[in-house]
Amino acid sequence: MKVKIFKWANVIEHCGQDVIMLKAFQDFYHQLEYCDWEIPSDIMKSFRTADLINCEGRSFNRLVFNIGGNKYRMICGYKFGTSKVVLYVRFAGTHKEYDKVDICQVNIF
């Protein structure tokens, strides 16, 4: 199934004038265009350094992507639907900013 990502415009806005960060996130976005996932383990085939996080008591588990050679991180809620996989962006930022958030609680967008 193809991937649909929500709140991507917020990620681009968050990158602001940091052209290096913006390029890293844009490269990641373009990689998503070629993804075809049927089950969560397929995500790991596309992005070997991604982490699947089980958030008990939450409607969505979380997915952490390492972006730009692990300089940046993005946390998404994810859901496998009948015709597509939906990613809901909850956090995008530097690795240092990521270290300060609770993966299952964060929602900066």
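Q: Is Cys76 buried or exposed?
A: Cys76 counts as buried because its relative accessibility is 0%. Buried means under 20% relative accessible area, exposed means over 50%, and partly exposed is in between (1.4 Å probe, protein chains only). This is a predicted model, in which local features need pLDDT of at least 70 and side-chain atom pairs count only at pLDDT 80 or more, while totals for chains, interfaces and linings use all residues. Residues are numbered from 1 along each chain as its sequence is written, and side-chain values use heavy atoms, with hydrogens and water left out.

Q: Which cysteine sulfur is closest to that of Cys76?
A: The one in Cys35, but at 12 Å it is too far for a bond.

Q: And what about Cys15?
A: Cys15 is buried because its relative accessibility is 4%. The closest cysteine sulfur to its own is in Cys76, 13 Å away, which is too far for a bond.

Q: How many disulfides are there, then?
A: The structure holds 1 disulfide (a pair of cysteine sulfur atoms within 2.5 Å). Cys55 and Cys104 form it, with their sulfur atoms 1.9 Å apart.

Q: Where do those two sit in the chain?
A: Cys55 is in the loop between β2 (51–53) and β3 (61–67), and Cys104 is in the segment after α4 (95–98). The pair links distant parts of the chain, 49 residues apart. Helices (H or I, at least four residues) and strands (E, at least two) are DSSP runs, numbered from the N terminus.

Q: Which hand does the link of Cys55 and Cys104 have?
A: The link is left-handed, with -80 degrees about the S-S bond. Both Cys55 and Cys104 are buried.

Q: New topic: rings. How many aromatic pairs are there in the whole structure?
A: A search finds 12 aromatic pairs. Rings of Phe, Tyr and Trp (its six-membered ring) pair if their centres lie within 6.5 Å; planes under 30 degrees apart count as stacked, over 60 as edge-to-face and the rest as tilted.

Q: Why is the pair of Phe6 and Tyr88 called stacked?
A: Because the ring centres of Phe6 and Tyr88 are 5.3 Å apart and their planes are at 10 degrees. Phe6 is in strand β1 (residues 2–6) and Tyr88 in strand β5 (residues 84–94), 82 residues apart.

Q: What are the relative accessibilities of the two, Phe6 and Tyr88?
A: Phe6 is partly exposed at 35%, and Tyr88 is partly exposed at 24%.

Q: How do Tyr78 and Phe80 pair up?
A: They are edge-to-face, with 6.2 Å from centre to centre and 90 degrees between the planes. Tyr78 is buried at 13%, whereas Phe80 is partly exposed at 22%.

Q: Which residues do ring pairs link into a cluster?
A: The cluster holds Trp8, Phe25, Phe28, Tyr29, Trp37, Phe47, Phe65 and Tyr72.

Q: Which residue lies over the face of Phe6?
A: Lys4 does, at 5.4 Å from the ring centre. A charge sits over a ring if NZ of Lys or CZ of Arg is within 6 Å of the ring centre and within 35 degrees of the ring normal. The charged end of Arg73 sits over the ring of Tyr98, 4.4 Å from its centre.

Q: Last one: what pattern does the chain follow along the sequence?
A: The pattern is β-α-α-α-β-β-β-β-α, with 4 helices and 5 strands in the protein chain.
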